[in-house]
Amino acid sequence: MARQVIDVAALDKTYHTEAGPVPVLHQVNFQMDEGEFVAIMGPSGSGKSTFMNILGCLDRPTGGRYTLDGKNTADLDRDALAQLRNQVLGFVFQGFNLLPRATLLENVGLPLVYAGLSAAERNQRALEQLDNVGLARFASSLPSQISGGQQQRVAIARALVNQPRLILADEPTGNLDSKTSDEVMALFCRLNDAGISVVIVTHEPDVARHTKRRVLFRDGEMVEDTLVTDRSWPC
Amino acid sequence: MLRPMLGEAWKAISANRLRTFLTMLGMVIGVGAVVLMLAIGQGAQAAIKTQIDSMGSHLFIVLAGSQNSGGVRFGGGNATTLTVDDANAIRQLPGITASAPVIPGSQQVIYEANNWNSQIAGTHPDYFVARDWQAAQGALFDESDLQSGRRVAVIGRTVAQNLFGENDPVGKTVRIRQSPFTIIGVLVSKGQSLDGRDQDDSVFVPYTTFQRTLASSRFRGAVRIMLVQAESDAVMPEAEHAITELLRDRHRIAAGAEDDFFVNNLTALANSAAEMAKTMALLLGAIASVSLLVGGIGIMNIMLVSVTERTREIGIRMAIGARQRDILLQFMLEALTLSLTGGLIGVVLGMGGAKLIQVLWHAPVIFTVSAVVVAFAVSAVTGVFFFFFFAWKASRLDPIEALRYQ
């Protein structure tokens, strides 16, 4: 039986605003095994992004339990969470979130700085990952000099550079046209085929059709969890 | 770990030139102003101290009183009541180490084709003791020169230069008021006095000779001032009292009548001049501190802006695994690099400015290591502290909050 990567039990997230508490997630249960490829769907405001941020250890739940790679995240301090983000997770944002003043090579190698690798090793591994997403020739360009699709591929290379067990992508194709979307999704499929677990937040059914399992959020609750039967193939 | 971070810091600094320039400007102005003002203040203080020291220590100046002729009062020092005998009597008082009458005059001094108008004073050898003034060349006149009324003269550096140029004046004969005088010594240079007079533009002769050869009348040969030196500062109040009593007695001044002389304590004057110089240095220091403070606030503002502007960057870095200390280290290095560079430029500009003032206005400036270090340290600490503080606040956000920051 495959190893469990994510185990979420009775997860709550409530924002406390001046107007009173605003519940965003309510009693969410979710398990995911190694090698799965999951799409999280739902209308905007359904809590799917918040859920993703909690999975990515960028935000903390207000209730329930989240176990990542066998570790209960509630027991971990800030530095330990940073280490999880650095070594177990790769996070891909809708807005790419590349450092605008660093070259693509430096952007991709940045997680390795915090992993304590030498410059030579960083550059070598970053170049490998850039090559993997087909952008090695832009290694010394700045993010502003390449297209959005290319930037997202750089962001994916950055997420992959420290060989994570799990890739989390929050609307990775949200800012891309359909053609570049397909390219990016093809990249995720390839990663999943290589054994990396992938979770994608999306509201596009076309994008979700590339995945193997679909989870639907509505009003902060997980209302549906189904296997994808009409998977686009080859993805 | 440190090397790549240092590279990152340098990149961040060079990436935004305007911001870097503004940050450094605060440092440069703060540090530069402190270095400049302290150099000027301390230079002025040192210059005044040199002048005070050139006067001699524990000195009294006894001035002749004012003359009162038919209701018209002349200024102090015009009366002819002081005599060389007064000076000789004062010398016998306990606690007095030197007492010299000074008969002032101004004469043309002629040597071959050169001539020079100088202050000529008839005085006692004690004058040189009181003023702690030595001969640079030759010797000073002594008691026997005084007794025999020899025509010898001791000249200051300025007179020597104007009459003899590069030649050695000792042994040469000059003419003053038709009479030949042998130069027996040249005095060590004393420079300007507190009132800006050139102390080296003087000729000294024994007062006996002065009275016999140079004074044209009894009035012109009168003792105008006496220089009296006490043993120490401690005995000065007592000595002042004794001098006053002695002179009142010698001048037969009735009890209750006014003195016909003034006794001035030069040490007190010197102290007040030193006090003034200190006040000026303090004032300059205060102005410099204000610039440092304003510079510091400027640094603080720009640090706040640059950290706030980069909250999103902090979020990205945390999202991919930077720990709090990684973020802090990065910003610390940036702040240090900025502060050290800015401070260094400030020191260089401050010193350069002070040098310029020295060259342009001949104002004395003195650089002290402590002033440079203090100015440098204050701005560096301000810069690093505030940068660090804001970065620390930003690094305590949850990554998602930092990422949402626009």
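A salt bridge here is a Lys or Arg side-chain nitrogen lying within 4 Å of a carboxyl oxygen of Asp or Glu. In this predicted model, E34(A) and R3(A) form such a pair, with their closest N and O atoms 4.0 Å apart. The two sit 31 residues apart in the chain, E34(A) in the loop between β2 and β3 (37-41) of chain A and R3(A) in the segment before β1 (4-17). Both partners come out as partly exposed, E34(A) at 31% relative accessibility and R3(A) at 45%.

Over all chains, the search turns up 23 salt bridges. Among them is R65(A) with D7(A), at 3.8 Å from N to O. Because R65(A) belongs to strand β4 (residues 63-68) and D7(A) to strand β1, this pair ties together parts of chain A that are 58 residues apart in sequence. R65(A) is partly exposed, at 36%, whereas D7(A) is buried, at 16%. In chain B, D326(B) pairs with R323(B), the closest N and O atoms being 3.2 Å apart.

Now for the interface. Chain B brings 29 residues to the contact and chain A brings 23. Together the two chains bury about 2300 Å², 54% of it on carbon and sulfur atoms. I316(B), I320(B) and I400(B) supply 25% of the area that chain B buries against chain A, more than any other three residues. Polar contacts are there too, with 10 residue pairs counted between the chains. Four helices of chain B, namely α1 (2-15), α10 (311-319), α11 (324-361) and α13 (399-404), each give at least two residues to the side that touches chain A. The largest share, 6 residues, comes from α10(B). Sorted by class, that side of chain B has 13 nonpolar, 4 polar and 12 charged residues. Even so, the rule finds 1 salt bridge across the interface. R325(B) and D79(A) form a salt bridge, with closest N and O atoms 3.4 Å apart.

Most residues other than glycine have a negative phi. Q27(A), in strand β2 (residues 20-33) of chain A, has a positive phi near 50 degrees, and is partly exposed at 41% relative accessibility. F96(A) also has a positive phi, about 70 degrees, without being a glycine. F96(A) lies in the loop between β6 (89-92) and α3 (104-115) of chain A and is buried, with a relative accessible area of 9%.

How values were computed: Residues are numbered from 1 along each chain as its sequence is written. Chains are lettered from A and ligands numbered from 1 in the order in which they are written. This is a predicted model: local features need pLDDT of at least 70, side-chain atom pairs count only at pLDDT 80 or more; totals for chains, interfaces and linings use all residues. Side-chain values use heavy atoms; hydrogens and water are left out. Contact means heavy atoms within 4.5 Å. Buried area is the accessible area (1.4 Å probe) that two parts lose on being put together, summed over both. A polar contact is a pair of N or O atoms within 3.5 Å; within protein, one must be able to donate a hydrogen and the other to accept it, and residues adjacent in sequence count only if both atoms are side-chain atoms. Ala, Val, Leu, Ile, Met, Phe, Trp, Tyr, Cys and Pro count as nonpolar, Asp, Glu, Lys and Arg as charged, and the others, Gly among them, as polar. Buried means under 20% relative accessible area, exposed over 50%, partly exposed in between (1.4 Å probe, protein chains only).
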